[in-house]
Amino acid sequence: MPESHLYAAARTPFGRYGGALAASRPDDLAATALSGVLAKSPGLDPSTIGDVFWGNSNGCGEDNRNVGRMAVLLAGLPTSVPAVTVNRLCGSSLDAAIMASRAIETGDADVVVAGGVESMTRAPWVLPKPARGFPATDMTAVSTTLGWRFVNQRMPKEWTASLGECNELLQERFAISRDRQDEFAARSHRLAAAAWSEGFYDDLIVPVDGVELARDESIREGTTAEKLAGLKPAFRPDGTITAGNASPLNDGASALLIGSADAASSIGLDPLARIAGRGVHALDPQDFGFAPVEAANAALKRAGINWSDVEAVELNEAFAVQSIACVDAWKIDPEIVNTKGGAIAIGHPLGASGARILGTLAHRLVESNQRWGVAAICIGVGQALAVVLENDRLTSGRPVAR
(Lines give C-alpha, C1' and ligand atoms only; values in the text may rest on other atoms or scores of the structure.)
Protein backbone atom coordinates (compact mmCIF):
# COMPACT_ATOMS: atom_id res chain seq x y z
CA MET A 1 0.00 0.00 0.00
CA PRO A 2 1.40 3.47 -0.85
CA GLU A 3 2.28 5.77 2.03
CA SER A 4 1.00 9.33 2.21
CA HIS A 5 3.36 12.26 2.68
CA LEU A 6 2.98 15.96 3.40
CA TYR A 7 4.99 17.91 0.83
CA ALA A 8 4.11 21.54 1.52
CA ALA A 9 1.94 23.78 3.67
CA ALA A 10 0.71 27.34 3.25
CA ARG A 11 -1.83 29.59 4.90
CA THR A 12 -3.02 33.14 5.02
CA PRO A 13 -2.30 35.24 8.06
CA PHE A 14 -5.23 34.80 10.43
CA GLY A 15 -7.28 37.96 10.89
CA ARG A 16 -9.24 38.87 14.00
CA TYR A 17 -13.02 39.12 14.01
CA GLY A 18 -13.98 42.28 12.13
CA GLY A 19 -10.31 42.93 11.37
CA ALA A 20 -8.06 43.12 8.34
CA LEU A 21 -9.69 40.18 6.49
CA ALA A 22 -13.26 41.29 7.13
CA ALA A 23 -13.70 42.39 3.52
CA SER A 24 -12.27 39.14 2.13
CA ARG A 25 -14.78 36.51 1.08
CA PRO A 26 -14.13 33.00 2.41
CA ASP A 27 -14.02 31.52 -1.10
CA ASP A 28 -11.34 34.06 -2.03
CA LEU A 29 -9.36 33.23 1.13
CA ALA A 30 -9.61 29.55 0.22
CA ALA A 31 -8.34 30.22 -3.30
CA THR A 32 -5.43 32.23 -1.85
CA ALA A 33 -4.28 29.36 0.37
CA LEU A 34 -4.77 26.83 -2.43
CA SER A 35 -2.74 28.91 -4.88
CA GLY A 36 -0.12 29.52 -2.20
CA VAL A 37 0.57 25.87 -1.50
CA LEU A 38 0.70 25.00 -5.21
CA ALA A 39 3.15 27.85 -5.81
CA LYS A 40 5.65 25.86 -3.74
CA SER A 41 5.57 23.23 -6.49
CA PRO A 42 5.86 25.27 -9.69
CA GLY A 43 6.64 22.21 -11.80
CA LEU A 44 3.50 20.33 -10.82
CA ASP A 45 0.93 19.96 -13.57
CA PRO A 46 -2.30 21.01 -11.79
CA SER A 47 -4.34 18.73 -14.02
CA THR A 48 -2.72 15.77 -12.23
CA ILE A 49 -4.27 16.73 -8.88
CA GLY A 50 -6.58 13.82 -8.14
CA ASP A 51 -8.87 15.62 -5.70
CA VAL A 52 -9.16 18.55 -3.32
CA PHE A 53 -10.52 17.98 0.19
CA TRP A 54 -11.51 21.25 1.83
CA GLY A 55 -12.72 21.93 5.37
CA ASN A 56 -15.36 24.47 6.35
CA SER A 57 -17.48 24.66 9.48
CA ASN A 58 -20.19 27.29 9.05
CA GLY A 59 -20.95 26.90 5.36
CA CYS A 60 -24.05 29.06 5.35
CA GLY A 61 -22.85 32.28 3.76
CA GLU A 62 -20.53 32.96 0.84
CA ASP A 63 -19.00 29.55 1.56
CA ASN A 64 -22.30 27.72 1.19
CA ARG A 65 -21.95 25.92 -2.15
CA ASN A 66 -19.03 23.50 -1.84
CA VAL A 67 -16.41 26.13 -1.08
CA GLY A 68 -13.65 23.63 -1.93
CA ARG A 69 -14.81 23.53 -5.53
CA MET A 70 -15.20 27.31 -5.54
CA ALA A 71 -11.56 27.61 -4.42
CA VAL A 72 -10.41 25.37 -7.27
CA LEU A 73 -12.24 27.49 -9.83
CA LEU A 74 -11.22 30.85 -8.34
CA ALA A 75 -7.59 29.73 -8.15
CA GLY A 76 -7.62 29.10 -11.89
CA LEU A 77 -7.04 25.36 -11.73
CA PRO A 78 -8.32 23.24 -14.59
CA THR A 79 -12.02 22.55 -14.31
CA SER A 80 -11.14 18.85 -14.38
CA VAL A 81 -9.79 19.11 -10.80
CA PRO A 82 -12.56 17.88 -8.46
CA ALA A 83 -13.17 19.06 -4.90
CA VAL A 84 -15.33 18.27 -1.89
CA THR A 85 -16.09 20.29 1.22
CA VAL A 86 -15.78 18.54 4.58
CA ASN A 87 -17.60 19.60 7.75
CA ARG A 88 -16.46 18.19 11.07
CA LEU A 89 -16.73 21.61 12.72
CA CYS A 90 -13.36 22.68 14.22
CA GLY A 91 -11.69 19.54 12.87
CA SER A 92 -12.83 20.04 9.28
CA SER A 93 -9.46 20.69 7.65
CA LEU A 94 -7.65 18.06 9.72
CA ASP A 95 -10.35 15.65 8.57
CA ALA A 96 -9.72 16.87 5.02
CA ALA A 97 -6.03 15.97 5.44
CA ILE A 98 -6.98 12.56 6.81
CA MET A 99 -9.26 11.93 3.83
CA ALA A 100 -6.51 13.07 1.49
CA SER A 101 -4.04 10.67 3.07
CA ARG A 102 -6.48 7.80 2.65
CA ALA A 103 -6.95 8.66 -1.02
CA ILE A 104 -3.20 8.37 -1.47
CA GLU A 105 -2.84 5.18 0.52
CA THR A 106 -5.66 3.41 -1.31
CA GLY A 107 -4.21 4.41 -4.67
CA ASP A 108 -7.21 6.52 -5.61
CA ALA A 109 -4.91 9.48 -6.27
CA ASP A 110 -1.21 10.27 -6.42
CA VAL A 111 -1.36 13.99 -5.61
CA VAL A 112 -4.09 15.76 -3.62
CA VAL A 113 -4.62 19.04 -1.84
CA ALA A 114 -6.27 19.39 1.56
CA GLY A 115 -7.13 22.51 3.51
CA GLY A 116 -9.84 24.63 5.00
CA VAL A 117 -11.27 28.09 5.38
CA GLU A 118 -13.45 30.11 7.71
CA SER A 119 -14.57 33.71 7.78
CA MET A 120 -16.22 34.05 11.15
CA THR A 121 -16.61 37.77 10.49
CA ARG A 122 -18.68 37.17 7.38
CA ALA A 123 -20.77 34.31 8.80
CA PRO A 124 -24.33 35.55 8.19
CA TRP A 125 -27.36 35.95 10.38
CA VAL A 126 -30.00 33.48 9.26
CA LEU A 127 -33.74 33.02 9.64
CA PRO A 128 -35.54 29.70 9.98
CA LYS A 129 -37.62 28.83 6.96
CA PRO A 130 -41.29 28.96 8.01
CA ALA A 131 -43.41 25.84 7.78
CA ARG A 132 -45.95 27.90 5.85
CA GLY A 133 -45.75 31.16 3.97
CA PHE A 134 -46.18 34.66 5.39
CA PRO A 135 -46.05 34.05 9.17
CA ALA A 136 -47.81 36.79 11.15
CA THR A 137 -45.29 36.80 13.98
CA ASP A 138 -41.81 38.26 14.29
CA MET A 139 -38.82 36.04 13.53
CA THR A 140 -35.39 36.13 15.16
CA ALA A 141 -32.22 36.27 13.08
CA VAL A 142 -29.60 33.85 14.41
CA SER A 143 -25.85 34.46 14.22
CA THR A 144 -23.92 31.62 12.57
CA THR A 145 -20.51 32.80 13.77
CA LEU A 146 -20.05 30.18 16.47
CA GLY A 147 -21.88 27.46 18.33
CA TRP A 148 -25.38 26.04 18.25
CA ARG A 149 -28.16 27.50 16.18
CA PHE A 150 -31.72 26.14 15.63
CA VAL A 151 -31.25 23.70 18.51
CA ASN A 152 -33.42 20.61 18.37
CA GLN A 153 -35.46 20.66 21.58
CA ARG A 154 -35.19 16.87 21.82
CA MET A 155 -31.51 17.28 22.70
CA PRO A 156 -30.66 17.12 26.43
CA LYS A 157 -29.79 20.59 27.70
CA GLU A 158 -26.33 19.52 28.85
CA TRP A 159 -25.47 18.53 25.28
CA THR A 160 -26.29 21.96 23.89
CA ALA A 161 -24.55 24.10 26.50
CA SER A 162 -22.26 26.84 25.23
CA LEU A 163 -18.66 25.94 24.46
CA GLY A 164 -17.53 28.13 27.32
CA GLU A 165 -19.87 26.53 29.83
CA CYS A 166 -18.73 23.07 28.73
CA ASN A 167 -15.16 24.09 29.50
CA GLU A 168 -16.11 25.56 32.86
CA LEU A 169 -17.44 22.08 33.64
CA LEU A 170 -14.10 20.65 32.53
CA GLN A 171 -12.32 23.10 34.80
CA GLU A 172 -14.40 21.90 37.75
CA ARG A 173 -13.73 18.27 36.89
CA PHE A 174 -9.94 18.65 36.83
CA ALA A 175 -9.54 21.62 39.20
CA ILE A 176 -7.49 23.63 36.71
CA SER A 177 -6.97 27.06 38.22
CA ARG A 178 -7.48 30.42 36.58
CA ASP A 179 -3.78 31.11 37.19
CA ARG A 180 -2.73 28.05 35.17
CA GLN A 181 -5.04 29.04 32.34
CA ASP A 182 -3.73 32.60 32.22
CA GLU A 183 -0.12 31.40 32.31
CA PHE A 184 -0.84 29.02 29.44
CA ALA A 185 -2.47 31.82 27.41
CA ALA A 186 0.38 34.26 28.02
CA ARG A 187 2.85 31.59 26.88
CA SER A 188 0.87 31.18 23.64
CA HIS A 189 1.22 34.88 22.83
CA ARG A 190 4.86 34.99 23.85
CA LEU A 191 5.85 32.00 21.72
CA ALA A 192 3.78 33.09 18.73
CA ALA A 193 5.34 36.55 18.76
CA ALA A 194 8.82 35.04 19.06
CA ALA A 195 8.20 32.59 16.21
CA TRP A 196 7.11 35.42 13.93
CA SER A 197 10.11 37.55 14.91
CA GLU A 198 12.47 34.63 14.29
CA GLY A 199 11.04 34.01 10.80
CA PHE A 200 9.49 30.60 11.46
CA TYR A 201 6.23 31.52 9.74
CA ASP A 202 7.79 33.31 6.76
CA ASP A 203 7.73 30.19 4.58
CA LEU A 204 4.22 29.21 5.65
CA ILE A 205 2.35 32.46 4.97
CA VAL A 206 0.86 33.70 1.70
CA PRO A 207 -0.45 37.28 1.55
CA VAL A 208 -4.05 38.10 0.76
CA ASP A 209 -4.46 40.41 -2.24
CA GLY A 210 -5.40 43.94 -1.30
CA VAL A 211 -4.88 43.39 2.42
CA GLU A 212 -2.05 44.83 4.48
CA LEU A 213 -1.73 42.06 7.03
CA ALA A 214 1.79 40.81 7.55
CA ARG A 215 1.19 38.41 10.44
CA ASP A 216 -1.56 36.86 12.56
CA GLU A 217 -3.69 39.70 13.83
CA SER A 218 -4.75 38.36 17.22
CA ILE A 219 -1.24 38.02 18.68
CA ARG A 220 -0.69 40.41 21.57
CA GLU A 221 3.03 40.80 22.06
CA GLY A 222 3.86 41.61 25.66
CA THR A 223 0.78 39.90 27.08
CA THR A 224 1.42 38.55 30.57
CA ALA A 225 -0.48 36.36 32.98
CA GLU A 226 -0.77 39.37 35.28
CA LYS A 227 -2.49 41.39 32.57
CA LEU A 228 -4.80 38.50 31.71
CA ALA A 229 -5.73 38.12 35.37
CA GLY A 230 -7.55 41.44 35.17
CA LEU A 231 -10.11 40.22 32.61
CA LYS A 232 -13.63 39.33 33.72
CA PRO A 233 -15.00 35.80 33.36
CA ALA A 234 -16.94 35.40 30.13
CA PHE A 235 -19.39 32.60 30.88
CA ARG A 236 -20.00 32.54 34.64
CA PRO A 237 -19.81 35.40 37.16
CA ASP A 238 -17.41 33.29 39.23
CA GLY A 239 -15.88 31.39 36.31
CA THR A 240 -12.28 31.03 35.19
CA ILE A 241 -12.59 31.31 31.40
CA THR A 242 -12.08 34.77 29.90
CA ALA A 243 -11.61 36.33 26.50
CA GLY A 244 -7.88 36.15 27.25
CA ASN A 245 -7.50 32.43 27.94
CA ALA A 246 -9.74 31.19 25.12
CA SER A 247 -9.21 31.34 21.38
CA PRO A 248 -10.64 34.39 19.60
CA LEU A 249 -12.95 34.53 16.57
CA ASN A 250 -10.95 34.67 13.34
CA ASP A 251 -10.81 34.61 9.55
CA GLY A 252 -8.30 32.66 7.44
CA ALA A 253 -7.44 29.69 5.26
CA SER A 254 -4.83 26.92 5.25
CA ALA A 255 -3.72 24.38 2.64
CA LEU A 256 -1.56 21.25 2.41
CA LEU A 257 -0.03 19.41 -0.56
CA ILE A 258 -0.17 15.65 0.04
CA GLY A 259 1.07 12.86 -2.20
CA SER A 260 2.61 9.42 -2.46
CA ALA A 261 6.35 8.82 -2.24
CA ASP A 262 6.42 8.28 -5.99
CA ALA A 263 4.88 11.70 -6.56
CA ALA A 264 8.06 13.47 -5.44
CA SER A 265 9.35 13.73 -9.00
CA SER A 266 6.18 15.29 -10.38
CA ILE A 267 5.75 17.58 -7.36
CA GLY A 268 9.41 18.60 -7.54
CA LEU A 269 9.92 18.50 -3.77
CA ASP A 270 11.10 16.03 -1.20
CA PRO A 271 8.36 15.43 1.37
CA LEU A 272 8.35 17.06 4.78
CA ALA A 273 6.67 14.28 6.72
CA ARG A 274 4.91 10.94 6.43
CA ILE A 275 1.37 10.68 7.72
CA ALA A 276 1.95 7.74 10.03
CA GLY A 277 -1.20 7.46 12.12
CA ARG A 278 -4.73 8.81 12.42
CA GLY A 279 -7.22 8.81 15.27
CA VAL A 280 -10.79 9.89 15.93
CA HIS A 281 -12.68 9.83 19.22
CA ALA A 282 -16.01 10.97 20.61
CA LEU A 283 -17.42 11.64 24.08
CA ASP A 284 -20.57 13.19 25.49
CA PRO A 285 -21.04 16.52 23.66
CA GLN A 286 -20.25 18.64 26.72
CA ASP A 287 -16.89 16.85 27.16
CA PHE A 288 -15.56 17.78 23.70
CA GLY A 289 -12.52 19.58 25.10
CA PHE A 290 -11.13 16.34 26.53
CA ALA A 291 -11.74 14.22 23.41
CA PRO A 292 -8.23 14.80 21.93
CA VAL A 293 -6.77 12.58 24.66
CA GLU A 294 -8.01 9.31 23.19
CA ALA A 295 -7.90 10.53 19.59
CA ALA A 296 -4.15 11.07 19.94
CA ASN A 297 -3.68 7.79 21.79
CA ALA A 298 -5.43 5.98 18.92
CA ALA A 299 -3.25 7.74 16.31
CA LEU A 300 -0.09 6.78 18.21
CA LYS A 301 -1.19 3.15 18.39
CA ARG A 302 -1.80 3.06 14.66
CA ALA A 303 1.62 4.61 14.05
CA GLY A 304 3.21 1.94 16.25
CA ILE A 305 4.81 4.38 18.69
CA ASN A 306 4.28 5.64 22.25
CA TRP A 307 4.19 9.07 23.86
CA SER A 308 7.81 8.53 24.92
CA ASP A 309 8.75 8.71 21.21
CA VAL A 310 6.99 12.03 20.61
CA GLU A 311 9.06 15.22 20.60
CA ALA A 312 6.61 17.76 19.18
CA VAL A 313 2.89 18.33 19.72
CA GLU A 314 0.54 20.78 18.06
CA LEU A 315 -2.71 20.92 20.05
CA ASN A 316 -5.31 23.41 18.93
CA GLU A 317 -5.92 25.78 21.82
CA ALA A 318 -9.67 26.21 21.74
CA PHE A 319 -9.49 27.01 25.45
CA ALA A 320 -6.52 27.02 27.79
CA VAL A 321 -8.39 24.79 30.24
CA GLN A 322 -9.05 21.97 27.77
CA SER A 323 -5.50 22.18 26.42
CA ILE A 324 -4.08 21.84 29.93
CA ALA A 325 -6.43 18.95 30.70
CA CYS A 326 -5.24 17.06 27.61
CA VAL A 327 -1.54 17.69 28.24
CA ASP A 328 -1.95 16.57 31.85
CA ALA A 329 -3.73 13.39 30.75
CA TRP A 330 -1.01 12.53 28.25
CA LYS A 331 1.63 13.03 30.97
CA ILE A 332 3.98 14.73 28.53
CA ASP A 333 6.36 17.62 28.96
CA PRO A 334 4.24 20.75 28.31
CA GLU A 335 7.30 22.43 26.82
CA ILE A 336 7.00 20.30 23.64
CA VAL A 337 3.47 21.59 23.04
CA ASN A 338 2.82 24.53 20.68
CA THR A 339 6.34 25.90 20.79
CA LYS A 340 5.47 28.38 18.01
CA GLY A 341 2.36 29.63 19.78
CA GLY A 342 -1.16 28.29 19.61
CA ALA A 343 -4.70 29.26 18.70
CA ILE A 344 -5.18 31.49 21.74
CA ALA A 345 -2.67 33.85 20.14
CA ILE A 346 -2.65 32.87 16.46
CA GLY A 347 -6.41 32.48 16.16
CA HIS A 348 -8.92 29.75 15.44
CA PRO A 349 -10.81 30.22 12.16
CA LEU A 350 -12.72 26.99 12.63
CA GLY A 351 -12.42 25.25 9.26
CA ALA A 352 -8.78 26.29 8.76
CA SER A 353 -7.23 25.33 12.10
CA GLY A 354 -6.61 21.62 11.52
CA ALA A 355 -4.51 22.20 8.42
CA ARG A 356 -2.66 24.99 10.23
CA ILE A 357 -1.54 22.78 13.09
CA LEU A 358 -0.52 19.94 10.77
CA GLY A 359 1.55 22.25 8.56
CA THR A 360 3.13 23.86 11.61
CA LEU A 361 3.97 20.46 13.07
CA ALA A 362 5.72 19.30 9.90
CA HIS A 363 7.85 22.44 9.80
CA ARG A 364 8.65 22.13 13.50
CA LEU A 365 9.91 18.58 13.01
CA VAL A 366 12.14 19.65 10.12
CA GLU A 367 13.48 22.71 11.92
CA SER A 368 14.30 20.81 15.12
CA ASN A 369 15.45 17.60 13.44
CA GLN A 370 12.90 15.62 15.44
CA ARG A 371 11.30 12.42 14.23
CA TRP A 372 7.78 12.08 15.65
CA GLY A 373 5.02 14.62 16.20
CA VAL A 374 1.31 14.69 17.00
CA ALA A 375 -1.33 17.16 15.85
CA ALA A 376 -4.66 17.06 17.69
CA ILE A 377 -7.82 19.14 17.76
CA CYS A 378 -11.01 19.13 19.83
CA ILE A 379 -14.32 19.45 18.03
CA GLY A 380 -17.65 20.78 19.28
CA VAL A 381 -20.40 18.25 20.06
CA GLY A 382 -17.96 15.85 21.66
CA GLN A 383 -15.39 14.83 19.05
CA ALA A 384 -11.66 15.07 18.31
CA LEU A 385 -9.12 14.13 15.64
CA ALA A 386 -5.39 13.48 15.74
CA VAL A 387 -2.61 12.76 13.24
CA VAL A 388 0.92 11.44 13.80
CA LEU A 389 3.69 12.70 11.53
CA GLU A 390 7.14 11.21 10.96
CA ASN A 391 9.91 13.52 9.76
CA ASP A 392 10.82 12.36 6.25
CA ARG A 393 14.23 14.03 6.32
CA LEU A 394 15.35 11.75 9.11
CA THR A 395 14.14 8.61 7.37
CA SER A 396 15.12 9.45 3.80
CA GLY A 397 18.52 10.99 4.42
CA ARG A 398 17.74 13.63 1.79
CA PRO A 399 17.52 17.39 2.39
CA VAL A 400 13.96 18.65 2.41
CA ALA A 401 12.98 21.40 -0.01
CA ARG A 402 11.51 24.34 1.88
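**Entry 1: Ser188**

I looked up the side chain of Ser188 and found that it reaches the backbone nitrogen of Ala345 at 3.4 Å. I counted this under the rule for a polar contact, a pair of N or O atoms within 3.5 Å; within protein, one must be able to donate a hydrogen and the other to accept it, and residues adjacent in sequence count only if both atoms are side-chain atoms. I note that this is a predicted model, in which local features need pLDDT of at least 70 and side-chain atom pairs count only at pLDDT 80 or more, while totals for chains, interfaces and linings use all residues. Residues are numbered from 1 along each chain as its sequence is written, and side-chain values use heavy atoms, with hydrogens and water left out.

I placed Ser188 in helix H5 (residues 178–197). Helices (H or I, at least four residues) and strands (E, at least two) are DSSP runs, numbered from the N terminus. Ser188 is buried, at a relative accessible area of 1%. The scale I used calls a residue buried under 20% relative accessible area, exposed over 50%, and partly exposed in between (1.4 Å probe, protein chains only). Not counting residues up to four places away in sequence, Ser188 touches Glu317, Gly341, Gly342, Ala343, Ile344 and Ala345; contact means heavy atoms within 4.5 Å.

**Entry 2: Thr360**

I next located Thr360 in helix H11 (residues 353–368). Thr360 counts as buried, with 1% relative accessibility. Beyond its neighbours within four places in sequence, I found Thr360 in contact with Phe200, Tyr201 and Glu314.

**Entry 3: Leu6**

I found Leu6 in strand S1 (residues 4–11). Is Leu6 buried or exposed? Leu6 is buried, since its relative accessible area is 0%. With neighbours within four places in sequence left aside, its contacts include Leu256, Ile258, Pro271, Leu358 and Leu389. I also noted that Leu6 and Asp392 lie 386 residues apart in sequence but 9.1 Å apart in space, C-alpha to C-alpha.

**Entry 4: Salt bridges**

How many salt bridges does the structure hold? I recorded 19 salt bridges. The criterion is a side-chain nitrogen of Lys or Arg within 4 Å of a carboxyl oxygen of Asp or Glu.

I examined Arg88 and Asp95, which form a salt bridge with their closest N and O atoms 2.7 Å apart. Arg88 is partly exposed at 22% relative accessible area, whereas Asp95 is buried at 5%.

I then turned to Glu390 and Arg274, whose side chains meet in a salt bridge (2.8 Å, N to O). Glu390 lies in strand S12 (residues 383–391) and Arg274 in strand S9 (residues 273–282), so this pair ties together parts 116 residues apart in sequence. Both partners are buried: Glu390 has a relative accessible area of 5% and Arg274 one of 17%.

Arg371 also forms a salt bridge with Glu390, the closest N and O atoms being 2.6 Å apart. Arg371 lies in the loop between H11 and strand S11 (372–379) and Glu390 in strand S12, so the pair ties together parts that are 19 residues apart in sequence. Arg371 is partly exposed, at 37% relative accessible area. Through shared partners, salt bridges join Glu3, Arg274, Arg371 and Glu390 into one network.

**Entry 5: Leu89**

Finally, I placed Leu89 in the loop between strand S4 (84–86) and helix H3 (92–105). Leu89 counts as partly exposed, at 31% relative accessibility.
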